[in-house]
Amino acid sequence: MSLIHPLLLFGLALTSIPVILHFLLRSKPKQLLFPALRLIQNRRRLNTQRMRLRHLFLLLLRMAIVAAIVFAVTRPRVPAADYSLSFGETFLLAILIAAGVGTYFGLLRRWQKSRLPQHVLAHRRSFLRGGIGLVTFLLALLLVAWPYQRRIAASISGPMPTVTENVPVAGVFVFDTSLSMEYRQESRSRLDVARQIATQHVSRLPSGSRLAIADSATDNPLQFQIDLNAAQSRIDTLAVRPTSVSLNDRLFTALELQREDQQQAVIAAGADTSLSDSYVREIYIFTDLTQSAWRREESTRLQTVLSELPQVAVYLIDVGVDEPKNVGLTQLKLSDQTLSAGSDLVVHATLTSTGIAGEERVVELYLDNEAGRLVKQGAAIAKVEPGIGVVATFPPVKTLGGSIRQGEVRILASDPLASDDVRYFTVEVRPPQEILIVTDQRDQSQFWVEAIAPSELVKEGKAKYRCTPVAPNKLLAEKLERYAAVCLLNVANPSRDGWDALAKYAEQGGGVAIVLGDRVDQVAYGSAAARALLPGELLAKLKFNPPEFLELKNLTHPLLRYFADWPEGATDLSSAEIQRYWRVTPSDAETVVAKFTDTRGAPALLDRLHGAGRVVMLTTSFDNSNWNDLRVVPSSLVLIDQIVKRLTRRGDAVFNFTAGETVIVSLDRGAAPDQPADPRLLLRKPERQQIRLDVAAEATSLTIRDADQLGNYRVLAADVASPFQRGFSVNPPESESRLDRLIDSDLEKLLGKDRFTVARNIDTLTRSVHTGRLGREVYPLVVLLLIAIFATEHFVANRFYDGDAKTASP
């Protein structure tokens with residue numbers, strides 16, 4: 001405990017006044033004439049002892065009144081901690097008081113039944129009160145007060161700083177600028193409320209204070225501002241950003257700044273830390289306490305750093321809403337990000353609700369036309385439930401001309417959080433990709449061709465691929481570079497030159513699919529030229545007896561990832577019986593994507609890189625019913641489509657990103673035939689700003705580092721006559737729509753118990769900071785104790801003097 005005004009303790013000398021008055025105003029003995037002098041003398045001896053005890057007790061009470069007044073005006077304070085009694089301590093104290101009261105009344109009742117003389121009973125009663133009161137008080141000190149003070153001492157995390165209210169502050173203001181801080185209530189966002197509280201608190205800081213301002217938009221290093229005016233200007237310019245780092249990282253950075261600044265102060269002063277640091281060190285975190293802003297898995301590391309800096313106080317300013325209500329678009333699932341001209345685009349939108357149940361929301365789909373204007377394409381209705389993603393599916397939209405098409409999905413009704421009421425998307429529209437089908441018997445390739453280019457879609461002009469079948473002896477006559485992929489379907493004996501051409505084609509970025517079957521010649525596939533390309537060496541053509549099945553466990557691989565979202569399809573594909581296969585030794589264990597269910601785990605599907613291209617090999621046939629039942633399993637069509645998609649890199653093109661992800665725009669000439677000769681490009685942002693980009697002429701991709709807005713972006717040629725254009729979309733993270741808040745137990749697990757203080761407004765923040773800097777004042781408790789002592793003194797004095805008056809009356 002310490003005192004704000006310790007010099008006032010000299011006022012304790014005033015406690016001598018009651019002593020002086022006690023002796024000066026002490027009652028004088030009265031001379032009375034009584035015939036029974038012996039009886040009077042005996043009673044006088046007993047009464048004198050009892051009166052002395054009462055006089056002493058009354059004197060102590062009067063001295064305590066003066067001491068309490070002096071103690072109160074010194075404004076005593078104690079370190080911040082939980083000073084309330086625990087349940088066990090309260091229960092034990094109640095038992096002690098009850099035992100004392102019960103013992104007093106029990107003995108008193110026993111004496112009354114013994115019919116003792118009144119003066120003897122009064123004498124015993126006086127000493128009984130004092131004795132039981134003293135014993136009860138000592139037991140309370142031993143059994144309650146002593147364990148209580150040890151518990152409080154253990155709960156105090158650090159020594160209380162010996163400071164005054166005018167010591168300057170070295171503070172770090174950390175602002176949560178994630179999208180959830182855009183939530184509006186009473187026409188103000190959570191960031192507006194945070195700025196207001198911060199501004200009010202800055203105005204109350206002592207002269208000479210320093211501030212560093214941090215936000216969660218970046219992980220830039222921190223430094224203290226030149227003065228408070230510069231810090232205020234920085235606060236005024238804060239804005240919500242789509243990208244954010246965790247508040248754990250920003251708190252780490254703030255703690256390191258405090259540590260380094262304190263060390264510099266120690267070095268400059270050349271003294272001990274406790275004596276040389278002339279600042280009160282504090283960190284303020286302004287946040288809505290949403291769980292998405294923190295990483296709770298780093299709690300141990302965070303608590304370790306906080307324990308190393310006990311002199312740094314941490315204040316959490318909670319500007320969030322206790323019961324937020326929001327409906328947001330959290331996901332958009334497109335039928336594909338790369339579409340063939342004339343094909344259909346199917347959009348699925350997922351809505352997630354917080355605090356709203358059983359209400360319907362209208363969602364609208366917009367797609368730009370050739371003039372770049374958004375045109376409504378359809379609407380869907382979804383009934384939302386808290387914590388459950390509800391999917392709204394729109395009717396198919398026919399994509400026409402244009403290499404890049406962009407659109408958005410909007411929730412028709414608005415709510416307090418506007419950033420997740422709209423979600424953006426970009427798709428690429430390109431002509432059908434050319435696929436070369438190499439086969440000895442064209443009729444045996446129909447199943448494969450139908451899987452990637454259904455005849456119905458070909459007639460409607462919606463097919464993604466255009467297949468060209470050729471015989472193996474015509475392979476060398478084809479210009480392989482014009483094809484997105486080459487598929488060898490049960491080809492018996494490719495020539496050496498054919499293998500070399502395929503190897504060169506793959507090295508330059510092409511994709512090659514090899515499906516083994518009954519016509520395959522092991523010798524031809526075992527040549528040096530073939531082994532240089534194949535992902536495995538063919539050993540023998542074998543038969544399963546009984547039949548085996550495909551084992552699809554690696555659903556994270558791009559070839560099988562589609563089945564992770566379609567478990568029924570994976571089950572269907574795994575149910576097809578496999579009778580025959582080629583036993584293969586893979587060139588690398590990592591090339592095996594799927595195996596058969598036999599005891600040896602024979603490879604079924606292999607995938608490997610070859611130069612800049614890729615080779616995929618299937619060890620059982622698709623065109624022979626004597627080998628397997630894959631032709632009768634619908635999901636096998638999907639597997640073929642995924643193989644070709646992997647080889648053509650159709651799935652590699654990404655045009656839709658989450659804020660914070662690295663945006664890479666392809667400039668590959670094969671995927672971008674309209675690439676400009678002039679490498680100068682322009683980036684047009686959603687808010688229509690344009691930024692010049694300088695790209696090397698030989699570059700095949702472009703990394704965008706300025707995607708700091710939500711919406712649709714365009715990459716255009718600086719030459720307005722050039723038709724070149726690319727595009728991409730940036731959407732908010734899904735987590736920003738989940739407004740679940742951290743509770744006290746979560747914060748204690750994250751930062752440590754009694755290591756932080758939470759404030760909701762400027763008043764509670766001011767009180768918390770005052771307590772953190774000066775300790776918790778016990779002035780109200782001392783005043784309450786003073787009132788209790790004064791009331792006790794008044795009661796005792798009245799009974800004492802009233803008893804004297806009755807004794808003196810005839």
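Me: What share of the 810 residues in the protein chain is buried?

Reply: First, some ground rules. This is a predicted model, where local features need pLDDT of at least 70 and side-chain atom pairs count only at pLDDT 80 or more, while totals for chains, interfaces and linings use all residues. Residues are numbered from 1 along each chain as its sequence is written, and side-chain values use heavy atoms, with hydrogens and water left out. Now, buried means under 20% relative accessible area, exposed means over 50%, and partly exposed is in between (1.4 Å probe, protein chains only). Here, buried residues come to 45% of the 810 in the protein chain.

Me: And how many helices and strands are there in the protein chain?

Reply: Both are DSSP runs numbered from the N terminus: helices are H or I with at least four residues, strands are E with at least two. The protein chain has 20 helices and 37 strands. As for contacts (heavy atoms within 4.5 Å), take those in the chain with a separation of 6 or more: 75% of them are between residues 24 or more positions apart.

Me: How do I read a pair of packed helices, say H5 and H19?

Reply: Two packed helices are described by the angle between their axes and the distance between the axes. Axes are lines fitted to C-alpha atoms, for helices over the stretch in contact, and angles run from 0 to 180 degrees between N-to-C directions. Helix H5 (residues 190-203) and helix H19 (residues 762-774) pack at about 45°, with axes 10 Å apart. The two are therefore oblique to each other; under 35 degrees counts as roughly parallel, over 145 as roughly antiparallel, 65 to 115 as roughly perpendicular and the rest as oblique.

Me: Which residues of H5 and H19 meet?

Reply: From H5 come Ile-197, Gln-200 and His-201, and they meet Ile-762, Leu-765, Val-769 and Arg-773 of H19. By type, the residues of this contact are four nonpolar, two polar and one charged. In that scheme Ala, Val, Leu, Ile, Met, Phe, Trp, Tyr, Cys and Pro are nonpolar, Asp, Glu, Lys and Arg are charged, and the others, Gly among them, are polar.

Me: On to sheets. What is the strand order in the open sheet of five strands?

Reply: Two strands pair if DSSP finds at least two bridges between them. The order here is S10-S18-S17-S13-S14, with mixed pairing. Strand S10 (338-340) and strand S14 (374-384) are the edges, each pairing on one side only. On average, neighbouring strands are turned by 30° against each other, direction ignored. Strand S13 (residues 359-368) and S14 run antiparallel, joined by 10 bridges; Leu-367, for instance, has Val-375 in S14 as its bridge partner.

Me: Let's zoom in on S14. Is Ala-382 buried or exposed?

Reply: Ala-382, which lies in strand S14, counts as buried because its relative accessibility is 3%. Leaving out residues up to four places away in sequence, Ala-382 touches Leu-351, Glu-359, Glu-360, Arg-361, Val-390 and Ala-392.

Me: And Lys-749, buried or exposed?

Reply: Lys-749 sits in helix H18 (residues 744-751) and is exposed, with a relative accessible area of 60%. Again leaving out residues up to four places away, Lys-749 touches Ser-299 and Gln-303. Lys-749 and Gln-303 are 446 residues apart in sequence, yet 8.7 Å apart in space, C-alpha to C-alpha.
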